[in-house]
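Okay everyone, thanks for coming. Let me put today's structure up on the screen, and then we'll walk through a few spots in it.

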Amino acid sequence: MRRLAVVLLAWPVAGCLMGPNYERPVVDAPTAFRYEAAEARETANLAWWTQFGDPVLDGLIDEALARNLTVQIAAANVEQAAAVLTQTRSQLYPQASYGANASGQRQNETVGTVYSYGALAGASWELDLWGRIRRLSEAARAQVLATEEARRGVILSLVASVANGYLQLRALDEQLVIAVRSKAAYAESVRLFELQFKHGVQSKMTVEQARTQYETAAAAVPQIESQIAQTENALSVLLGRNPGPIPRGRSIGAFAMPDIPAGIPSDVLERRPDIRQAEQVLVAANAQIGAAKALYFPAISLTGALGIASVDLADLFKGPSGSWSYQGSIAGPIFTGGAIKAQVRQTEAARKAAELGYAAAIQSAFADIDTALVARAKLAEQLAAERRLVAAAREYGRLARLQFDGGVAPYFTVLQAEQQLFPAELNEVQLRASLFAATVSIYKAMGGGWVSVAEQKTR
């Protein structure tokens, strides 16, 4: 009996495994990124947001990782997938059960009431000769890993979203300062020109020209204030809060520029959670083929029961009251109308779709990185040009004001200069924030060990 038990226990391990074993598809990956920066450094595994040098931003990211509801939902999904794996793997082992019964029957007055009592323990076991359960377990394990990578992907996106939201908020704050300052300066010009108009020094046209400047800045103030409130509310949701104000730290001009992470395309395959998730989905789909093919073969089950029975409850556990039974069963398909064949084809098609999804995830990853790298390079050039534009507009405005005050040029010349300066200042701030955001996008696109650093803050 011991030898038989050893053989039976070894069957699920030594039995056949139907279907193909997983092999990673060959990827046509580029050898280098087209727009890789020369100043890139090995920083892909660092908590890159700390390089901005703003403790408030660091605290917001920590809060988001601890309280964000989407991260908590993703963690619950991992727990659910792990439970499915445990449930699937449990079929590899014998299933034991127990039961008890008691009954009474009165046949007639002579015999009286007859009582009977029983207790029974049973076990059943499906021998996994063809590997169906093991393939299902393989698929369930891959789904757990895919769900875990999905959770890591949520963390990656969350950190980037909080950083970008905070950067945009500080840019809007700076734009609001510019708009309010310009509004106050234009209001003073209107006041002075109105006084001069009353004394016949200036024309009505000059007054109205100054008023257009004022109203332009006045209209920009509530627009920026609305954008600030919207950005604060969006950040609050990311932080797991109700809508409300967000604390401020450094100004947008005081942020340090994070280093650009270095990497090669082959690194991205191991760094990006979405690529790792797509591969695990492919592993699961591959295993499902074997589980479906195993349905062609018979299922063999062993069942047994050991129990006791008595007409007297006191004698239930003593005396010759034992009972036992065992049986084996085998069941397999003869004619299914093509159902199993269709199921196999379905799993093969699902594997093909998963393989194409894996390839598409890789292509998208490489495109994301190249796009982020070129965006940062070109934004840096654009910001440098915008700064020169602001400097030129300020000098133009200064000279125009001197000529106007000296009676050499009309106020329209001053108006032209200031109409160029105000939007240029706003645009410079926005470009500065966009340059920071492009660096964030590079870290997000490349993935890296920093996701594990952030992951620790969610536990």
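So, to start: is the crossing of α4 and α7 left-handed or right-handed? It's left-handed, meaning the near helix is turned anticlockwise from the far one by less than a right angle, with clockwise giving right-handed.

Quick housekeeping. This is a predicted model, where local features need pLDDT of at least 70 and side-chain atom pairs count only at pLDDT 80 or more, while totals for chains, interfaces and linings use all residues. Residues are numbered from 1 along each chain as its sequence is written, and side-chain values use heavy atoms, leaving out hydrogens and water.

Back to the helices, which are DSSP runs (H or I, at least four residues) numbered from the N terminus. Helix α4 covers residues 132–198 and helix α7 covers 273–293; their axes come within 8 Å and cross at roughly 165°. That makes α4 roughly antiparallel to α7, a label for angles over 145 degrees. Axes here are lines fitted to C-alpha atoms over the stretch in contact, with angles running from 0 to 180 degrees between N-to-C directions. In the contact of α4 with α7 we have 13 nonpolar, six polar and six charged residues. Nonpolar is Ala, Val, Leu, Ile, Met, Phe, Trp, Tyr, Cys and Pro; charged is Asp, Glu, Lys and Arg; the others, Gly among them, are polar.

Now α4 and helix α5, residues 204–238: their axes come within 7 Å and cross at roughly 160°. α4 and α5 are therefore roughly antiparallel too, and α4 passes α5 in a left-handed crossing. Their contact divides into 24 nonpolar, eight polar and seven charged residues.

On to the rings. Phe, Tyr and Trp rings (the six-membered one for Trp) pair if their centres lie within 6.5 Å; planes under 30 degrees apart are stacked, over 60 edge-to-face, and the rest tilted. By that rule there are 11 aromatic pairs. Tryptophan 48 and tyrosine 443 are stacked, 5.4 Å centre to centre with 25° between the planes. Tryptophan 48 sits in the loop between α1 and α2, and tyrosine 443 in helix α9, 395 residues apart. Both are buried, that is, under 20% relative accessible area with a 1.4 Å probe, protein chains only.

And what is the geometry of tryptophan 48 and tryptophan 450? Edge-to-face, at 5.7 Å and 85°. Ring pairs link both tryptophans into a cluster that also includes Phe52, Tyr166 and Phe436.

Notes. Helix = DSSP H or I, 4+ residues; strand = E, 2+ residues; numbered from the N terminus. Parallel < 35°, antiparallel > 145°, perpendicular 65-115°, else oblique. Buried < 20%, exposed > 50% of the residue type's maximum accessible area, 1.4 Å probe, protein only.
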